[in-house]
Amino acid sequence: MNSLSAWFWSESFWLPPNVTWAELEHPPPGEEYPRADQLLSCLPLAFGVLAVRVLFERLVAKPCANILQIQAGESRRAQPNAVLERVFTSTTSPESRRVEGLSKQLDWDVRKVQRWFRLRRNQDKPSTLTKFCESMWRLTFYTGIFTYAIRYLWVSPWMWDTRQCWYNYPFQTLSPGQYNYYVAELAFYWSLMFSQFTDIKRKVSQDFLIMFVHHLATITLITFSYCNNMLRIGTMVMCVHDASDIVLELAKLANYAKYQRICDTGFVVFSIVFFITRLVIYPFWIIYSVLVESWEIVGPYRSWWLLNGLLLVLQSLHVFWFYLIARIAIKAIFKGKVAKDDRSDIESSSEEETDTNVKSRNKSHPNGSEQSPKKENGTNGFAKGGTKDH
């Protein structure tokens, strides 16, 4: 065990040349350096965050939803069918060949089988009220933590001169503001990891894995920068990512409350804020400092290469996410509404109505053939698109 610990905490990996852990364990009197064991408090705090969230959603978010006349509603339930239920446990969207086989086996119309699976999928989806409460909780946290970060960073000299992030590194004193900010962010993301198994289930199963990996990567980056005492640049990275999330959650709340103009405007504003913070400030201010300024002042070492690699991977994700966001924003500008994302939270009930209408039309059709209905994009909601909720 000792040899494993020594290998993991290798000074040649974590620290710049000629710096040892012993030096960091004995800071000057009245000062303190970050220690990995200080982050252990984040796990019990994460459960505290979950408890606060439950109380917030019940005592604050739901009354707000009632004022906006957002009701839980009852989704239409699929009729019990043991054969289809067994298939549903293995695949929620069976292929056309399998649907045709089930149609023959049950002596059902193909569209009736498709409609059963659509109803069964929607049956497990959360209501608009549930999504509204979740978004309101995230909006409250992002607004609070972003406000705290701005107040702290505004008076920090390294926000205006990023070279000060690397002067005397890694012998930089841990301030209460840095510690509180890191612990709050880390506890929040641990709570998202835990609650992901009970939160909104996306239509596409890969979304669950993507968000799980996203939360895990975020936790890893925050923990890594804390253990490496890169808190100055780390606080700036977190603050930049929180900014656009506030506007996104506002747009989602407007969408759930059916304030379409506010939703469309909010999403366009979110796109602009996302572009400024993650495609301008993040690469040209923060990554530049970590790549260029730290090289000049501290010099590269092993964990330095890993950190830069992770930050660059994150930037490539920002570019991809902005491409998806821009497509939705352009539709909002030119079509007057935010179109439904491919990964939207719930399938449109209008599809079911279309199926019913097609059936009635088919009965009177001279050939009895089915006509393919055209699907229009609804405005049931849009997924976060991979941003920090990231």
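Phe274 first. At 0% relative accessibility, Phe274 counts as buried. Keep in mind that this is a predicted model. Phe274 sits in helix α13. Look along the chain from there to Ile325, 51 residues away. The C-alpha atoms of Phe274 and Ile325 are 9.1 Å apart.

Stay in α13 and move to Thr277. The helix runs over residues 260-297, and Thr277 is part of it. Is Thr277 buried or exposed? Its relative accessible area is 9%, and the cut-off for buried is under 20%, so Thr277 is buried. What does its side chain reach? The backbone oxygen of Phe274, at 3.4 Å. Now its neighbours. Leaving out residues up to four places away in sequence, Thr277 touches Val240, Ala243, Ser244 and Tyr282.

Next, helix α12, residues 231-256. Start with Thr235, which lies in that helix. With a relative accessible area of 0%, Thr235 is buried. Which residues does Thr235 contact, once neighbours within four places in sequence are set aside? There are Tyr152, Leu153 and Trp158, and also Gln178, Tyr181 and Tyr182.

Gln178, Tyr181 and Tyr182 take us to helix α10. That helix covers residues 176-195. How do α10 and α12 sit against each other? Their axes come within 11 Å and cross at roughly 50°. The crossing of α10 past α12 is left-handed.

Now the residues that make this contact. On the α10 side we have Gln178, Tyr181, Tyr182 and Glu185. On the α12 side we have Leu231, Arg232, Gly234, Thr235, Met238, Cys239 and Asp242. By class, that contact has five nonpolar, three polar and three charged residues.

Pro170 lies in the loop between α9, residues 157-160, and α10. Which peptide bond is cis here? The one joining Tyr169 and Pro170, with omega at about 5°.

Go on past the other end of α12. Lys258 lies in the loop between α12 and α13. Lys258 is not a glycine, yet its phi is positive, about 65°. Buried or exposed, then, for Lys258? At 73% relative accessibility, Lys258 counts as exposed.

There is another residue of this kind. Asp107 has a positive phi too, about 60°, and Asp107 is not a glycine either. Where is Asp107? In the loop between α6, residues 96-106, and α7, residues 110-123. Asp107 is exposed, with a relative accessible area of 71%.

So what do the helices on either side of that loop do? The axes of α6 and α7 come within 9 Å. They cross at roughly 110°. That lies in the 65 to 115 degree range, so α6 and α7 are roughly perpendicular to each other. The crossing is right-handed.

Who meets whom in that pair? From α6, Val99, Glu100, Leu102 and Ser103. From α7, Val110, Val113, Gln114 and Phe117. By class, the contact of α6 with α7 has five nonpolar, two polar and one charged residues.

Two long-range pairs to finish. Take Leu221, in helix α11, residues 205-227. Leu221 and Leu307 are 86 residues apart in sequence. In space, C-alpha to C-alpha, Leu221 and Leu307 are 8.0 Å apart. What else does Leu221 contact? Setting aside neighbours within four places in sequence, Leu221 is in contact with Leu307, Leu310 and Leu314.

The other pair involves Gly299. Gly299 is in the loop between α13 and α14, where α14 is residues 302-335. At 11% relative accessibility, Gly299 counts as buried.

Key: Residues numbered from 1 in each chain as written. Predicted model: local features only at pLDDT ≥ 70, side-chain atom pairs only at ≥ 80, totals over all residues. Heavy atoms only, no water. Axes fitted to C-alpha atoms, helices over the stretch in contact; angles between N-to-C directions. Helix = DSSP H or I, 4+ residues; strand = E, 2+ residues; numbered from the N terminus. Left-handed = near helix turned anticlockwise from the far one by under 90°. Contact = heavy atoms within 4.5 Å. Nonpolar A, V, L, I, M, F, W, Y, C, P; charged D, E, K, R; others polar. Buried < 20%, exposed > 50% of the residue type's maximum accessible area, 1.4 Å probe, protein only. Polar contact = N/O pair within 3.5 Å; in protein donor to acceptor, adjacent residues only side chain to side chain. Parallel < 35°, antiparallel > 145°, perpendicular 65-115°, else oblique.
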